[in-house]
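This report looks at how two protein chains are packed, inside and against each other. The sequence and the structure come before the description.

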2 protein chains.
Amino acid sequence: MGDKKKKTAEPDLMQKIVGLCKRRGFVFQSSEIYGGLKSAYDYGPLGVELKRNVMAEWWRSMVHEREDVVGLDASIIMSPKVWQASGHVGGFSDPLVDCKVCKCRFRADKAPQVEVGTEVTFRAGGKTQTGIAERGYVCPECGSPELSEEREFNLLFKTNLGPVDTGDSTVYLRPETAQAMFVNFLNVQSTYRLRPPFGIAQQGKSFRNEITVEHFIFRSCEFEQMEMEYFCPPEEAPKWLDYWKQERFDWYVNLGCKKENLRLRAHEEDELAHYADGCYDVEYKYPWGWDELEGIANRTNYDLKKHQEASGKKLTYFDPVRENPETGKMGVHYLPYVIEPAAGATRTVLMFLLDAYDEEPPSEGRKEGRVVLRLHPRLAPIKVAVLPLVKKDEWLTGKAREIVKAFLKNGVNAFYDEKDAIGRRYARQDEAGTPFCITVDGQTKEDGTVTIRYRDDMRQDRIKLEEAVDIVNKKMRE
Amino acid sequence: MGDKKKKTAEPDLMQKIVGLCKRRGFVFQSSEIYGGLKSAYDYGPLGVELKRNVMAEWWRSMVHEREDVVGLDASIIMSPKVWQASGHVGGFSDPLVDCKVCKCRFRADKAPQVEVGTEVTFRAGGKTQTGIAERGYVCPECGSPELSEEREFNLLFKTNLGPVDTGDSTVYLRPETAQAMFVNFLNVQSTYRLRPPFGIAQQGKSFRNEITVEHFIFRSCEFEQMEMEYFCPPEEAPKWLDYWKQERFDWYVNLGCKKENLRLRAHEEDELAHYADGCYDVEYKYPWGWDELEGIANRTNYDLKKHQEASGKKLTYFDPVRENPETGKMGVHYLPYVIEPAAGATRTVLMFLLDAYDEEPPSEGRKEGRVVLRLHPRLAPIKVAVLPLVKKDEWLTGKAREIVKAFLKNGVNAFYDEKDAIGRRYARQDEAGTPFCITVDGQTKEDGTVTIRYRDDMRQDRIKLEEAVDIVNKKMRE
């Protein structure tokens, strides 16, 4: 029932975000001219910049700024043996059921629950009918208890490498980036001569053939991940789980996410994945309620052990200064434990859009209200818009373009806009989340100053032209 | 025969590059512990940084630095109707043949040619045999003319979205990023209110089920593209083709590629794709000869026309200040022509590795020779390595780490290394392509200076510590 409501009527804020995304070119439905594709989305000019910025911030803080973490970029199609060993080929499935009345297909584990044996009423063919709930749940669409058998539906996308007829050519699209870090563990460790604790980080697309896709880009079949596997001595795993849950929570806060909309939630014993010894979710208060943003799990040595067994290759790390418990001497081979902070990049983009969205009513000084995306300057697609006050004045447009070039040379994404009145241009930039606007006007000719306008409070200062880059750069680093 | 030689014995330089890539963590074979997967590669800690830098440079010059180009990031799985309309489902195939003698499978269009009806000799079962060439080509492995029929093998990877049994669930992995720009043409144009000429740029993975994969990461089934579609009035297409072929050529040169290893080659009439009205290849002198790096084609309005027909949606742009040839009045709807510079990111990574690779013999001052990657500083995975001369001196290591932090804060990827003697550390950085090393030593304590060592000529200067960031930053922008 909850599910049904979400599908037909997303909460108000979600509708506004979806509308803004389409109108301003953040996110379009994929293949829209062909009627769209279920749960696939394209990031437009603003969206691609926002997503790139989110992912670049993650890479900066998780890889570049740390001595103990290195990067990886593995292929999406890996050997099928990887997914057999990881358990994805055998077990990565959802229980699927068809409703015999309305033909809707749904996940049994997400359907509305009722007590077995109770009489339920539902609508079929325009009439109210009754039936006995034999299964403990009913159809989420029409409420009927007349259902097909449950069958397991594997979430892996299957394809073939090479011609189909060459024996076993089945391969899978990766459902997570994580396994590549396990499979490459020794390659990376040895080329970089790393000692646990150390991490391997990866960003990239993953694919899950989800039956239930929902909430715009929150859950889709093709999505982008930001995952890091942190390999450590087994006894240190609880300490690092604590450490990473806090690091990751702080990352969102440092990028401007409102603290009251974020929480850390420990998984209950019965929620834990079979391989996990402790897990936290960073949850966000979405318009539909608290829901997952990122999971930080202690995966133990489960994955390395599975791959060691399946490949027949030793995946242990040799630590010369660790005591061998069996011999009492120094030097021991062991499988590290792994702490995994696993975030969804596309989901994080949605979260930042929701969190940054604000509407201001008209006020004393302004006839019109405004929509403003209060994105952190480091996340904003455009950092600074440079606006000549008058389009027809070639000195102004030339000077404005010069300023744009100066920003770009300093690695700051600047945008030139001369269309429409200055108020409308400001409004467009507010909606795009641009934190700074620089306006070039008549006075610029006289004294070399420009106006800088701040998105959040609409304050305007007169500054020297040559200070512009420094001022914006400084704000970006705050 | 040429093909065969390449497979069994890549030229010397290629072997060195493959070895360096594995040894230093640029590129690993995918799923190596499981025996690897045909033609799939994983980018290790250094490789992922190099690839990111190549792609970031492309994005900077193609999107950020231009007023007339915006970005896009579309889904890999698009509506199958896109690939029907584009002709990929029907026609995107290779002629495939099996050799009846050695069982090798190969592409007919790449096989060694012989005249039909001539007698050829080949080896089978250890004996020399003869046969008549009936097909105009022979097996590239054993030279036999005893071949199966040709059959068309489609290069699209097929998969299913949703359960397989729900009617037509077949979808494809995109074989190129380009089609997303055509399909999103009007969405992007209208949200950004763009007027031709303007471009839409995209980077990302594409997939082609290639039979012949070769030369390491040069041609693989999963690869990464950097494509831009530049929409312009039809009569301007020749001008923009000229413009973009030169822009793209210069891009490689500006990033340090040796000019003598690059050339622009116009396609012959019979080489042109059926949709193209003019095409240039940027070619590089690989160890196996001149071969493609990037194609710049005039795709005319072929793609927009096809999608307009197939979707039934008007994809014309309305230009209010263009004369309608039918009425003679201002204002006309038309389908823009498209100039497409299409580069391979993975291929470009290989090219830069090859081009930057250098071996220096021992010289008067140095007992040992060295391997050095002369990558452009903007491409180098690590920009600066900071090395405390002595690992046991905590003041030195603390100061070195401080310097690393100062670089990172300024967006410069710095790396801390205290392992081994300083000479070996320099050698490691040379091989990784790191343009600058900064060494902190006893004198640093006394006068606040450090040594900066330049990769290319091994020159060492003594500089003030606080100048280090500025000096490196300046060199990066040269």
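In this predicted model, the largest nonpolar core has 188 residues. The residues with the most contacts inside this core are A:Tyr252 and B:Tyr252.

What does A:Tyr252 touch, leaving aside residues up to four places away in sequence? Its partners are A:Cys257, A:Leu262, A:Val282, A:Leu293, A:Glu294, A:Ala343, A:Thr348, A:Met351 and A:Phe352.

The second topic is the interface of the two chains. Chain A brings 90 residues to the contact, and chain B also brings 90 residues. About 7400 Å² is buried between chain A and chain B, and carbon and sulfur atoms give 54% of this area. Of the area that chain A buries against chain B, 11% is supplied by A:Ile33, A:Tyr34 and A:Tyr192, which is more than any other three residues supply.

Polar links also cross the interface. There are 41 residue pairs in polar contact between chain A and chain B, counting pairs with both residues at pLDDT 80 or more. The rule for salt bridges finds six across the interface. One of them joins B:Asp73 to A:Lys51, with 2.4 Å between the closest N and O atoms.

Which element gives the largest share of the side of chain A that touches chain B? Helix H3 of chain A (residues 45-64) does, with 10 residues. The residues on this side of chain A divide by kind as follows.

| Kind of residue | Number on the side of chain A that touches chain B |
|---|---|
| nonpolar | 40 residues |
| polar | 21 residues |

Conventions
Residues numbered from 1 in each chain as written. Chains lettered and ligands numbered in written order. Predicted model: local features only at pLDDT ≥ 70, side-chain atom pairs only at ≥ 80, totals over all residues. Heavy atoms only, no water. Contact = heavy atoms within 4.5 Å. Buried area = accessible area lost by both parts, 1.4 Å probe. Salt bridge = Lys/Arg side-chain N within 4 Å of Asp/Glu carboxyl O. Polar contact = N/O pair within 3.5 Å; in protein donor to acceptor, adjacent residues only side chain to side chain. Helix = DSSP H or I, 4+ residues; strand = E, 2+ residues; numbered from the N terminus. Nonpolar A, V, L, I, M, F, W, Y, C, P; charged D, E, K, R; others polar. Core = buried A, V, L, I, M, F, W, Y, C linked by side-chain atoms within 4.5 Å. Buried < 20%, exposed > 50% of the residue type's maximum accessible area, 1.4 Å probe, protein only.
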